[in-house]
Amino acid sequence: MSDALLKVRDLKIGARVYPPGEKPRDIDIVHGVSFDLEKGKVLGLIGESGAGKSTIGLATMAYGRGGVEITGGEVWVNGREILGTSLKDLRQLRGTEVTYVSQSAAASFNPAKKIMEQVIEASIHASKFSKKDAEARAIDLFTRLGLPDPETIGDRYPHQVSGGQLQRCMTALALCPEPDLVVFDEPTTALDVTTQIDVLMAIKKAIRDTGVAALYITHDLAVVAQVSDEIMVLRMGDMVEHGTTDQIINAPKEEYTSDLVSVRSRKHEGKPPSDNPVLTIEHVTARYKGTNFDVLHDVSMELHAGQTLAVVGESGSGKSTTARVMTGLLPAREGQIVFEDRTLSADLKGRARDDLREIQMIYQMADVAMNPRQTVGTIIGRPLEFYFGMRGAEKHKRIDELLDDIEMGAEFKDRYPAELSGGQKQRVCIARALAAKPKVIICDEVTSALDPLVAEDILKLLHNLQKREQVAYLFITHDLATVRAIADSIAVMYQGRVVRYGTKAEVLSPPFDDYTDLLLSSVPEMRLGWLEEVVEHRKMESAGN
Amino acid sequence: MTRIPPAALFGLFFTSLYFLMAILAPWIAPYSMTEIVGDVWEPWSADHWIGTDNIGRDLLSRMIYGGRTTIFIATAATMISFTTGSILGFTAAVIGGWVDQVMSRFVDLIMSIPTLIFALVVLSVMPVTLTILILVMGLLDATRVYRLARAVAVDINVMDFVEAAKLRGEGRVWIIFREILPNALSPLVAEMGLRFIFAVLFVSTLSFLGLGVQPPNADWGGIVKENKDGIIYGIAAALVPAVAIATLAISVNLVADWVLNRTTSLKGGRG
Amino acid sequence: MPLLLKLLVQRIALGLLLLLMVSVLIFWGTNILPGDVAQSILGQSATPEALANIREELGLNEPALSRYFDWLGGLVQGDLGTALTSGQDIAASLGSRLKNTLFLAFWAAVVAVPLAIFLGLLAVRYRERWPDKLISAVTLASISVPEFLIGYILMYFVGVKLGWAPTVSMIHDGMSLGQKLSSIALPVAVLTMVVLAHMMRMTRAAILNVMQSAYIETAELKGLTSFQVIARHALPNSIAPIVNVVMLNLAYLVVGVVVVEVVFTYPGMGQYLVDHVSKRDVPVVQACGLIFAAVYIGLNMVADIVSILANPRLRHPK
């Protein structure tokens with residue numbers, strides 16, 4: 001065997017699940033995965049949810065989360081097999097030789113203790129450094145990670161720093177005891193895209209500076225391509241493909257891998273807007289009840305039949321609020337909403353049934369958008385009854401047609417939402433919206449909760465349905481790849497304002513305003529060296545100023 | 001059909017036994033409730049299966065009739081607390097605004113006084129009749145049902161599927177009965193069991209304190225009170241009704257647990 | 001004003017407001033309800049003259065509002081009025097009884113609180129194993145068993161059959177602490193059993209909740225020992241929920257005291273209250289009711305204050 005730092009051989013992991021009302025049963029999560037990692041190298045573990053990537057990451061510390069148990073195989077760290085060792089030996093390994101960075105630093109820091117105390121705790125516990133040396137090392141790491149006030153930030157409590165900063169503090173926590181291996185578990189997934197790039201760069205630089213080896217776990221291939229030397233693709237607990245980053249991105253051998261690589265590259269030719277929009281919102285200002293500040297300022301946009309307007313922005317930009325104003329859930333304070341040629345009541349309660357029918361909505365979380373106590377048939381059938389008075393055979397015929405439209409069969413009619421997969425749930429929500437025969441459908445982050453390949457199918461479905469029904473979509477998303485794949489026009493929102501608006505070609509072509517530039521350049525691209533280019537580009541720009 | 005777990009079976013058996021006894025009391029009780037048929041605190045015998053009470057009435061007959069009273073009062077009070085509490089709680093959650101504020105603050109106020117103490121204060125000025133007892137218990141307990149029903153309904157009310165129904169233009173009746181109620185049912189059913197147990201314990205405690213069912217009538221709590229002086233002479237008569245109260249309460253609890261488990265595992269999952 | 005201080009002042013003000021509203025409710029409850037105090041005192045056969053006399057004597061002809069303020073004014077100065085049945089000053093009779101009740105509740109808490117927390121920790125340590133399951137079963141039983149059943153069972157077996165403890169808990173000033181304690185041994189045991197299971201179960205839930213946090217996993221992955229994880233990371237975050245559990249159960253204990261005092265004929269406030277409810281002595285009932293409510297509200301307030309003080313977000317604002 002080579003003198004690899006980490007050797008994983010035929011790793012098998014299982015878990016005990018407790019379905020409500022049934023007997024607990026054991027399932028396999030990982031079925032025999034093997035790989036090596038050499039000193040100072042970064043291996044990316046990539047896969048969709050349920051691929052077992054986090055579980056494998058934690059197994060390198062011989063740790064099983066919740067009911068997870070390692071059932072077979074070997075894990076060698078620094079020439080020692082760790083699965084068979086005692087808890088006492090494991091404690092010497094954990095936190096010093098192998099450390100862990102989790103997805104949510106906000107939850108992983110103890111809210112009752114200062115950051116510094118937590119960052120140096122493992123080093124002191126293992127008597128690796130004196131308190132003074134550990135603190136000096138922590139401050140050095142804070143500086144390298146680009147944290148503001150590195151000398152004093154450790155005296156703060158976790159809730160006193162921002163999410164992006166805390167994620168970098170977590171990286172400092174992992175690097176402080178000079179480990180040989182760090183496991184990064186989706187460290188940037190919870191962050192906004194413009195924050196993600198800073199944290200990503202900080203992590204990459206820190207890995208390089210300290211020469212540590214790393215396992216980098218993520219579902220986002222474009223992200224992992226920026227930081228890792230090698231990539232391993234996992235699916236349902238099995239290894240699909242393992243190769244250098246270059247090979248995986250540029251010459252994938254397996255079909256599944258090439259699907260993952262190409263998933264974001266879907267292109268859509270934008271159509272020019274027509275002369276008469278189907279829905280217009282004009283100079284809308286809105287605020288939430290009981291607050292004294294506006295969350296939307298002077299927002300205007302147009303929707304055209306058979307076209308998609310994408311509204312992009314980060315969390316808190318007001319994109320979902322715009323949708324609420326359109327539907328009348330949050331009445332606008334100023335401005336108006338014009339459907340075809342009539343002005344709609346600002347308040348939901350003032351709208352006629354037919355106006356309500358014309359604007360339908362699809363939600364991000366299909367789980368909670370359907371009543372769990374209603375069958376698929378009831379869910380899709382209700383708008384048919386409610387708006388068109390359909391009953392009996394006529395209704396059932398239409399339900400079957402709609403199920404057909406969403407590429408699901410009539411046999412799903414009697415199922416409950418809990419019996420459907422994530423993608424199927426979202427399809428049923430689409431059918432429910434279509435049932436009303438609307439002219440406008442608002443899609444609020446409809447693909448963000450789904451795995452990339454499933455999301456891709458949903459986008460295709462939406463696109464085909466649009467071609468046939470000539471419905472207009474208002475597509476709310478934070479993901480620019482999705483925008484490229486579906487939009488005809490784009491509105492970029494920031495802090496409650498529309499900062500850029502026009503056809504896709506106009507919005508995505510320079511010259512850019514500052515925010516759009518930042519946003520566009522922050523979206524990870526599926527090629528090697530992208531991260532360095534962006535950072536270099538920004539450095540030059542700020543030097544130029 | 002899944003097998004009924006033994007604990008639930010135990011619960012079902014005793015719950016049905018007690019309810020049957022309550023319904024059939026006049027036919028199965030060997031003696032009348034008030035008839036003096038023997039000596040004071042006779043031990044068990046063929047004539048008096050569990051002996052006689054403090055003035056020589058047949059304890060078994062008295063227990064059967066007492067159970068009838070306890071179960072009747074507890075059932076009636078639970079029904080009152082349940083209908084009032086859940087209707088008001090749902091209304092508060094769906095209407096919201098000041099209606100919700102006023103009702104919820106009033107409930108907070110009532111709940112800031114321990115229930116037993118509040119009941120004692122009220123009963124000190126009101127005549128202790130069966131109707132008043134049931135009303136006082138039912139209304140005081142309705143505050144707890146109100147809180148639960150409101151909390152459950154508020155949680156469901158903010159879910160996207162309710163918003164989707166509102167966007168569709170559905171009326172309040174559809175939203176309460178078709179969207180919220182089916183999802184609120186299983187926690188409420190489990191709560192019904194707990195409320196019933198609480199009512200049993202509560203009426204027993206009041207009667208034990210001499211402020212519930214008045215002699216010569218008696219519920220189980222009252223029978224404990226009548227026979228409690230025997231304890232220090234080593235006569236266990238008072239323990240019989242006390243044990244009956246405990247087994248009834250435990251049985252109902254086991255049944256409620258089982259019902260809750262079953263309903264959450266129904267198709268559609270989420271309770 | 002700093003946020004923390006503001007929240008504390010708000011919470012205390014809320015407690016006082018609640019107490020004031022409770023006094024209104026108790027007064028209203030005993031005056032406006034259909035029952036007639038004068039009639040209750042004299043019984044159904046009273047002559048109209050006698051009723052008129054007693055109404056005059058009790059000031060029942062005054063408007064309710066002015067009677068309420070008279071009563072409240074007296075309360076603030078420690079004057080609880082006089083008992084209708086005995087004509088004695090209520091404050092004087094209550095003084096020693098309140099002391100006895102607090103004495104009983106105090107010793108029950110001294111036994112129950114540490115025991116419950118210890119057993120709660122034990123249940124967490126042996127989660128899903130037999131000690132945990134046993135605790136679940138005991139909890140189920142204990143919420144289904146009336147206080148007086150536990151009382152009489154102990155009295156019957158421990159007091160009468162074994163003769164280990166007195167069955168009647170007499171207590172007076174002349175007794176030494178040891179004598180007093182032996183006298184209240186059984187009621188303390190009953191009260192402990194009444195609150196123990198609940199407190200254990202809630203402590204278990206509170207700690208488990210903290211133990212499931214991501215920062216506990218972080219601590220475990222730092223290679224700390226179980227003890228260090230619990231002491232350094234779980235405990236600082238469990239204090240507030242545990243104090244909450246304890247306070248809630250002490251509030252519950254206050255009510256349990258009423259029944260237990262009657263069972264063991266203990267000269268405390270609970271028995272005093274129950275006696276006077278039967279005699280329909282309204283001023284005494286009002287005074288006792290208000291004191292019980294005040295203790296209950298006070299304990300809940302302490303629980304909330306501890307939660308506020310223990311919250312790092314409030315202690316160290318941004």
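When I say helix today, I mean a DSSP run of H or I, at least four residues long, numbered from the N terminus. With that in hand, chain C reads along its sequence as α-α-α-α-α-α-α-α-α-α-α-α-α-α. That's 14 helices and zero strands. Before I go on, please keep in mind that this is a predicted model.

Let me stay with chain C for a moment. Its C-alpha trace spans about 85 × 60 × 35 Å along the principal axes. Of its 318 residues, 40% are buried. And if you take the contacts in chain C between residues at least 6 apart in sequence, 71% of them join residues at least 24 apart.

Okay, over to chain A. The C-alpha trace of chain A covers about 75 × 60 × 45 Å along its principal axes. Buried residues are 46% of the 545 in chain A. Of the contacts in chain A with a separation of 6 or more, 69% are between residues 24 or more positions apart.

Strand 1, residues 6-17, runs antiparallel to strand 4, residues 68-77, and eight bridges join the two. One pair to look for on screen is A:Leu6, whose bridge partner in strand 4 is A:Val77. Strand 4 of chain A also pairs with strand 5, residues 80-81, again antiparallel, over two bridges. There, A:Trp76 has A:Glu81 of strand 5 as its bridge partner. Strands 4 and 5 of chain A make a hairpin with two residues between the strands, and A:Asn78 in that hairpin takes a positive phi near 50°.

Next, the interfaces. Which elements of chain B give two or more residues to the side that touches chain C? First the head count: 36 residues of chain B are in contact with 43 residues of chain C. The elements on the chain B side are helix 4 (115-123), helix 7 (172-208) and helix 9 (239-264). Helix 9 of chain B brings the largest share, seven residues. By class, that side of chain B has 28 nonpolar, seven polar and one charged residues.

Between chains A and C, the contact takes 25 residues from chain A and 17 from chain C. On the chain A side, the elements giving two or more residues are helix 2 (87-93), helix 3 (105-108) and helix 4 (115-125). The class count for that side of chain A is eleven nonpolar, ten polar and four charged residues.

Last stop, back to helix 7 of chain B, one of the helices on the side that touches chain C. A straight helix of 37 residues would span 54 Å at 1.5 Å a residue, but helix 7 of chain B spans only 46 Å between its end C-alpha atoms. Where is the kink in helix 7 of chain B? It lies at B:Leu181, shortly before the proline B:Pro182, and comes to about 55°. Just after helix 7 of chain B, you'll find B:Gly210 with a positive phi of about 85°.

That's my tour.

Conventions: Residues are numbered from 1 along each chain as its sequence is written. Chains are lettered from A and ligands numbered from 1 in the order in which they are written. This is a predicted model: local features need pLDDT of at least 70, side-chain atom pairs count only at pLDDT 80 or more; totals for chains, interfaces and linings use all residues. Two residues are in contact if their C-beta atoms, placed from the backbone, lie within 7 Å. Ala, Val, Leu, Ile, Met, Phe, Trp, Tyr, Cys and Pro count as nonpolar, Asp, Glu, Lys and Arg as charged, and the others, Gly among them, as polar. Two strands pair if DSSP finds at least two bridges between them. A residue is buried if 20 or more other C-beta atoms lie within 10 Å of its own, exposed if 12 or fewer, and partly exposed in between; C-beta atoms are placed from the backbone. The expected span of a helix is 1.5 Å times one less than its number of residues. The bend at a residue is the angle between axes fitted to the seven residues ending there and the seven starting there.
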